[in-house]
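Dear colleague,

I am handing over the structure below, and after it I set out what was found. Please read the notes with the structure open beside them.

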Amino acid sequence: MTRHHPSRRYAGIAISTGLGLVALGRPAHADDTLVRAQAVVTAATNPSVTWTGPTTGPKAVAGKTVIYVAADLRNGGIQENGDGVKEAGKAIGWTIRVLDGQGSVSGIHSAFSQAMALKPNGIVIGGYDVVQNAADIARAEEAGITIMAWHGGPKPGPMPEYKVVSNIGSDSSQVAKVAADYAIAQSGGKAGVVIFTDSAYAIALAKAQMMRDEIKTCPGCTVLSFEDTPLADTSTRMSQLTTALLQRFGAKWTYTLAINDLYYDFIGPPLISAGRDAAGPPANISAGDGSNSAYERIRSGQFQAATVPEPLLLQGWQVIDEMNRSFAGQPASGYVAPVHLVTIKNVDLDGGKKDIYDPDNNYRAAYKKIWGR
């Protein structure tokens, strides 16, 4: 998922799917589940000091022009990933341009058409669905333009059926697992969980379902409710929804899992009105994407306990590296950045003082070495 979605105008249906109390079994494995969850959390919160990406590849192919077609540059995640592409493009010696789809289907189509008219060597899908834009991508591929995607589909890796050399992003199943395991570990295996998602995005719904499934592996945990509420409407819906959930579940609601930090931008006032402490419960955890406001909330210990951010600048460098491999006639690297969990204990590490996740693993130097720069 991308960071913020202030003006998304994609189709979506808001469906409340409260599940009620779901009793969970398998008490014989309670200790094993807790130990496993704690190990996952420990690994995900360690500093990211070791580069685990590619160390070999083609030298820089000279004289290329690449255009980053962004879904919406008001979205902080897309903006930051585009910055990474520009940074890496300068390092490899290419010409990089950025065009803004301004958050609408028609705007993205217009920006993509404008990009094609400029006859670049490559186009980057910046934060929108490859399937919904398959016709445009097919036209570009027929024109000999190499297509790379960032957050263009639910899984990282090549998407040959859609003419996309590779889709860059995190492993959403691992992101979901880490977020849910943090609730299990912190609660001592006794979390009462509300889950927020937005079914307008297939990847968001799948991630929420994976979090629900992971919580169900915890014998002493309970999924209180699975709430499908649009990201685009969080500013108007979260207050009323939070109040209703508090009335339904009271003290049983101890943890929240959401597919994006944006839900927590508006959860504070109703919690305060209900007399809840800003530090929780509920302890709010996001399975993406590490917004500036999320870092601030985690650092202050108010209304958010953790987030699973993506290394957006690093992924911008990976976009350029994968593009270079394609220009050189080589396959994609297959690299997927490890999942990282930010809590109050590590919030200032790995770029955290700038309210971003930028791993201290010297990835820029690693890519420059590959490219011979």
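In this predicted model, Trp 150 stands opposite Ile 168 in strand 7, where strands, like helices, are DSSP runs numbered from the N terminus (strands E, at least two residues; helices H or I, at least four). Strand 5 (residues 146-150) and strand 7 pair in the parallel sense over two bridges, pairing being assigned if DSSP finds at least two bridges between two strands. Residues are numbered from 1 along each chain as its sequence is written, and side-chain values use heavy atoms, with hydrogens and water left out. Because this is a predicted model, local features need pLDDT of at least 70 and side-chain atom pairs count only at pLDDT 80 or more, whereas totals for chains, interfaces and linings use all residues.

Strand 7 (residues 164-168) has four of its five residues buried, so it is largely enclosed by the rest of the structure; buried means under 20% relative accessible area, exposed means over 50%, and partly exposed is in between, with a 1.4 Å probe and protein chains only. Strand 6 (residues 157-159) also pairs with strand 7, in the antiparallel sense and over two bridges, and the bridge partner of Gly 157 in strand 7 is Asn 167. The hairpin of strand 6 and strand 7 has four residues between the strands, and in this hairpin Lys 163 takes a positive phi near 65°.

Strand 5 has five of its five residues buried, so strand 5 is largely enclosed by the rest of the structure. In a regular strand the side chains alternate between the two faces of the sheet. In strand 5, Thr 146, Met 148 and Trp 150 point one way while Ile 147 and Ala 149 point the other way, and all are buried. Strand 4 (residues 122-126) pairs with strand 5 in the parallel sense over five bridges, and Ile 123 has Ile 147 as its bridge partner in strand 5.

Turning to the charged side chains, the structure holds 14 salt bridges, a salt bridge being a side-chain nitrogen of Lys or Arg within 4 Å of a carboxyl oxygen of Asp or Glu. Side chains of opposite charge can pair when their charged atoms come close. One of the salt bridges joins Arg 139 to Asp 136, with the closest N and O atoms 3.0 Å apart; both residues lie in helix 4 (residues 134-142), three residues apart, about one turn of the helix. Arg 139 is partly exposed at a relative accessible area of 37%, whereas Asp 136 counts as buried at 8%.

In helix 5 (residues 172-186), Asp 181 and Lys 177 lie four residues apart, about one turn of the helix, and they form a salt bridge whose closest N and O atoms are 3.5 Å apart. Asp 181 is buried, with a relative accessible area of 0%, while Lys 177 is partly exposed at 23%. Arg 364 forms a salt bridge with Asp 358, the closest N and O atoms being 3.2 Å apart; Arg 364 is partly exposed at 26% relative accessible area, and Asp 358 is buried at 13%. Salt bridges that share partners also join Arg 36, Lys 177, Asp 181 and Glu 214 into one network.

The structure holds one disulfide, meaning a pair of cysteine sulfur atoms within 2.5 Å, and this disulfide joins Cys 218 to Cys 221 with an S to S distance of 2.2 Å. The torsion about the S-S bond of Cys 218 and Cys 221 is about 60°, so the disulfide is right-handed. Cys 218 is buried, with a relative accessible area of 2%, and Cys 221 counts as buried at 1%.

Lastly, the second largest pocket holds about 370 Å³ of space. A pocket here is an open set of points on a 1 Å grid over the protein atoms alone, where a 1.4 Å probe fits, with protein on both sides within 12 Å along at least five of seven lines, and lining residues have an atom within 4 Å of a point; the volume is the space filled by probe spheres set on the points, which are joined across faces, edges and corners. Of the 20 residues that line the second largest pocket, the closest to its centre are Tyr 182, Gln 186, Ala 305, Thr 343 and Ile 344.

With best regards
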